[in-house]
Structures are given as C-alpha cells and as structure tokens.
Amino acid sequence: MKFILELFKNITSNLLIQVQEIDSEFNWTKLFNPEFYINLELGGVPIGIYMVLFIVFAETGLFIGFFLPGDSLLFLSGIYCEALAKPLTFLPPGYSPVFVIATLIALSGIIGNIFGYWFGSVYGKNLYQKKDGFFFKRKYLDHSESFFQKHGGVAIVFARFLPIVRTFVPIIAGIVHMKKSKFMLYNIISSILWSFILVYAGHYLYSLFLEKFDIDLKHHIEKIILILVAVTTFPLVMKAIKARKLGKADGSSDE
C-alpha cells in the first residue's frame, strides 16, 4: 500500500513539474479537469491513455482517488479515443480505437476494484478508526456501507456510476468478506457496463453532433463536464437531503 501511495505522489509531482515547465501560469484546478489528463504529454510524447488508465485504477482501487474525475473522464475518452489510442503502436491495423479504449478502461476498473477488495479485507477495518483528513472522510465510508447493505452485491454495479461511492464499495465488500467469486462477477459486469456505456456515448454523441448539427463537442468540454458532474452527483445530493430530513424528524420525535 505504501508503494502505491508513493507511486501516486511521485506521478502527481512529476506531472506538476512537467506542466509548470510548459506553462508557467499553471492552475492547480486543472487537476480536476479530465481534458488535462487526456491531452497530457511528457517530453513531447502523448501519455493520455496511461493517465486515463491510472486514474480509473486509482478512483476504483485507492480510497484517496475519490476526488479524481471519473464519469466525465470516460465520456471525454470516447470523444478523444483516436488520439488516446495513437501511442499504442503495438495494435494491429484496422483496430477500432473506441473499442480498444473502452476495453482497456474496463480492465483497469476491474483491477482497481480487485485492489480495493483486497485492501478492505486486509486493512479496511482500520479505516473506521481513522480520523478525517484532506483525502479521507469517515462519512464517505458510512454512506458506502449503507449503500452496500441496502443493495447487496448489485451495489457494486450501481456504485460504478456514483462518484465517491464507487471508490469505497469494493473496500466495504472486502471488509465484510464478500464471496470472491460473487464479487468478481459483479466487478467484471459493472466495469464493462460503466466503461462501454460512457466511452461509446462520448464517441457516438460527438459524431452525431458533428455530422447532424455541425457542433464540435470539443469546443464545449466545460459545459459537458458540468452537466456530467450534475447528473452523477444528483443521486448523492438527494440522498444527503433525505438523510438530513430523517435526522431532523428523529430529533424532533425524541423531544
């Protein structure tokens, strides 16, 4: 685990150094913009695909990765699938860039969840004793546990499409020692659905808007990100509002 954390820190530090060399006016808020990672170059070499795969792994396998862009990153990966697939020179001629990118992201998501499950089974219970910090909040763990208990194994599928929850649900599955074969089934299904739906949606919507309406979605990335963030976080906001109302109702009844 320490090795993974150090690797994550080193990659982030190197990225900041590279960006600062290229752009002296670098703004740290770019780290929350998925387009920044997709178009990233290192020494003139495009490394977007490797950044995308690492972020998917981190968001689904490392509890500190919950703040990274997930759904919007996959959607934009569909839009930029050809550019992302270019560095993969080992691929045979005539391959489908969108299929390759979706498949690689699905594999990264599967591996991420496996790591999350392992971490939960070995170290997960210690998280309940951990104090809140910049990367970790106890409430994230509690919400994910409640979500898992409510939906069972299917929670792994649902969680893929919910920010924050998808980071902690595999850890919860490991903590409760969910049967490995059952976990892997839901893990594979959820990762394939999440990856292919969002990547292909980005790819085909980009083509549709360009051909039918002469609108290049690449010029409206910020709007797309805002819409995706609003859509994916809406269920979490509604759940938080509902929990607050129930808490107030319980408080008034106790009085």
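Arg166 is buried, with a relative accessible area of 3%, where buried means under 20% relative accessible area, exposed means over 50%, and partly exposed is in between, for a 1.4 Å probe and protein chains only. Please keep in mind that this is a predicted model, in which local features need pLDDT of at least 70 and side-chain atom pairs count only at pLDDT 80 or more, while totals for chains, interfaces and linings use all residues. Residues are numbered from 1 along each chain as its sequence is written, and side-chain values use heavy atoms, with hydrogens and water left out.

Side chains of opposite charge can pair when their charged atoms come close. Between Glu59 and Arg166, the closest N and O atoms are 3.0 Å apart. Glu59 lies in helix H3 and Arg166 in helix H9, so this pair ties together parts that are 107 residues apart in sequence. (Helices, of type H or I with at least four residues, and strands, of type E with at least two, are DSSP runs numbered from the N terminus.) Glu59 is buried, as is Arg166.

The salt bridge between Asp71 and Arg166 has an N to O distance of 3.3 Å. Since Asp71 sits in helix H4 and Arg166 in helix H9, the pair ties together parts that are 95 residues apart in sequence. Asp71 also counts as buried, because its relative accessibility is 5%. A search of the whole structure finds two salt bridges.

Now look at Gly70, in the loop between helix H3 (48-61) and helix H4 (71-79). Is Gly70 buried or exposed? Gly70 is buried, with a relative accessible area of 5%. Leaving out residues up to four places away in sequence, Gly70 touches Glu59, Arg166 and Trp194, a contact being heavy atoms within 4.5 Å. The C-alpha atom of Gly70 is 8.9 Å from that of Phe161, although these two residues are 91 places apart along the chain.

Trp194 leads us to helix H10, where it is one of the buried residues. Helix H10 covers residues 180-213, and its 34 residues should span 50 Å at 1.5 Å a residue; the end C-alpha atoms are 48 Å apart, which agrees. The expected span is 1.5 Å times one less than the number of residues. Other buried residues of H10 include Phe183, Asn187, Ser191, Leu198 and Tyr206. An α-helix has 3.6 residues a turn, so residues three or four places apart point the same way. The cover over the buried residues of H10 includes H3, H4, helix H5 (81-85), helix H6 (97-127), helix H8 (155-159) and helix H9 (165-175). Just after H10, Asp214 takes a positive phi of about 55°.

Asn187, in helix H10, counts as buried because its relative accessibility is 0%. Asn113 lies in helix H6 and is buried too, at 2% relative accessibility. Leaving aside neighbours within four places in sequence, Asn113 is in contact with Asn187, and its partners also include Thr60, Arg160, Arg166 and Phe183.

What about the nonpolar side chains? The largest nonpolar core has 36 residues, and Ile79 and Ile105 are those with the most contacts inside it. Such a core is a set of buried Ala, Val, Leu, Ile, Met, Phe, Trp, Tyr and Cys residues joined through side-chain atoms within 4.5 Å. Helix H2 (34-38), H3, H4, H5, H6, H10 and helix H11 (221-254) each supply at least two residues of this core, and H3 gives the most, with six residues. A second, separate core of 21 residues includes Ile156, Val165, Ile171 and Tyr186.

Finally, step back to the whole protein, which has eleven helices and two strands. Of its 255 residues, 44% count as buried. Residues 24 or more positions apart account for 73% of the contacts with a separation of 6 or more.

How values were computed:
A salt bridge is a side-chain nitrogen of Lys or Arg within 4 Å of a carboxyl oxygen of Asp or Glu.
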